[in-house]
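Colleague: I have a model open and some terms to sort out. Can you take me through them?

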Amino acid sequence: MSDQDLVISDLHVAPVANPDHEILKGIDLTVRQGEVHAIMGPNGSGKTTLAYALMGHPAYVVKSGKVLWQGQDLLKLSVDKRARLGMFLAFQYPMAVPGLSVASFLRSAINAHRLGLNPDPTVDPTDAFKGGIPMGEFRKLVREKMALLKMDESIAARYVNEGFSGGEKKRLEMLQMAVLEPHMAILDETDSGLDIDALRIVAEGVNAMLNPNMGVLLITHYQRLLNYITPDTVHVLAAGRIILSGGKDLALRLEAEGYEPILAAEGLEATIGDEAPEAAAEPAMETAH
Ligand SMILES: Nc1ncnc2c1ncn2[C@@H]1O[C@H](COP(=O)(O)OP(=O)(O)O)[C@@H](O)[C@H]1O
Ligand SMILES: [Mg+2]
């Protein structure tokens, strides 16, 4: 175990609105750098809660347990410190920010990251001469990442997500991820239908960025995203616990059998609609790595 790993031990989480009702009831999970872990599970099993708890969303309270990340006690860190330590959460429904250009937004995000965990008072990331990213370097970085993601450069001048199509929003999420070069990317592709183009964009983005210094926690109800991104490990989350872990074959088994047999083996009941997690909507695609 390296101190770069994300190590979650016996994590119990409840919503702030109902702190006595635990949604996560003891999660143990280790994600090493360079590994892709998929978390699958029926609706309401706690997948999004896990993503939010890791990022420090204020609507959730950690009741007990520990999370180590980059050698730090993650749960003691503010959201922005978690981000500065290389954790990235991709939103399913990114917000529009009229008046803020994509370029300024990305530049501020990069500069905030450059502050590091314990800011050096001589560093002023808004100033290119005091630790901020110089304009030339910024342009080069964004161009390079846009090319990687096959994005049109004209997007840089537009306002963040303003009038963006679903696919453009996804691409911008991936571009943010690419320029920030996180060490841990958490993607919560919640249950509601991501269309096939959006899935491809996410998958291409993730695959283009996979590297030995980045771990990925890919949260998905459906197996189909895993046709494009090959996970090292697949975990089944149900009723707030990881009830089964396995290799990528586990995702295929879920596709074929649904969640029901796995839940039944644990004495859990499937909720209506979770019997067939994937309705074979499209042909299986080649995996990209
Ligand atoms: N902020 C919250 N307040 C109250 N209940 C919540 C909150 N967030 C999630 N829950 C409940 O916790 C359960 C798990 O939710 P969630 O983590 O969104 O599951 P999943 O992403 O696996 O569908 C659901 O029953 C949901 O209603
Ligand atoms: Mg969810």
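Modeller: In helix 5, Lys169, Lys170, Arg171, Leu172, Glu173, Met174, Leu175, Gln176, Met177, Ala178 and Leu180 are buried. A residue is buried if 20 or more other C-beta atoms, placed from the backbone, lie within 10 Å of its own. This is a predicted model: local features need pLDDT of at least 70, side-chain atom pairs need 80 or more, and totals for chains, interfaces and linings use all residues. Residues are numbered from 1 along each chain as written, with chains lettered from A and ligands numbered from 1 in written order.

Colleague: What makes helix 5 largely enclosed?

Modeller: 11 of its 15 residues are buried, so the rest of the structure largely encloses helix 5. Those buried residues pack against strand 6, helix 3, helix 4, strand 9 and helix 6. Contact needs C-beta atoms within 7 Å.

Colleague: How do you know that the span of helix 5 agrees with its residue count?

Modeller: The expected span is 1.5 Å times one less than the number of residues. For the 15 residues of helix 5 that gives 21 Å, and the end C-alpha atoms are 21 Å apart, which agrees.

Colleague: Why do strand 2 and strand 5 count as edges?

Modeller: Four strands form an open, antiparallel sheet in the order 2-1-4-5. Strand 2 and strand 5 each have a single partner strand, so one side of each lacks a neighbour in the sheet.

Colleague: What makes strand 4 and strand 5 a pair?

Modeller: Pairing takes at least two DSSP bridges. Strand 4 and strand 5 have two, in the antiparallel sense, so they pair.

Notes. A residue is buried if 20 or more other C-beta atoms lie within 10 Å of its own, exposed if 12 or fewer, and partly exposed in between; C-beta atoms are placed from the backbone. Two residues are in contact if their C-beta atoms, placed from the backbone, lie within 7 Å.
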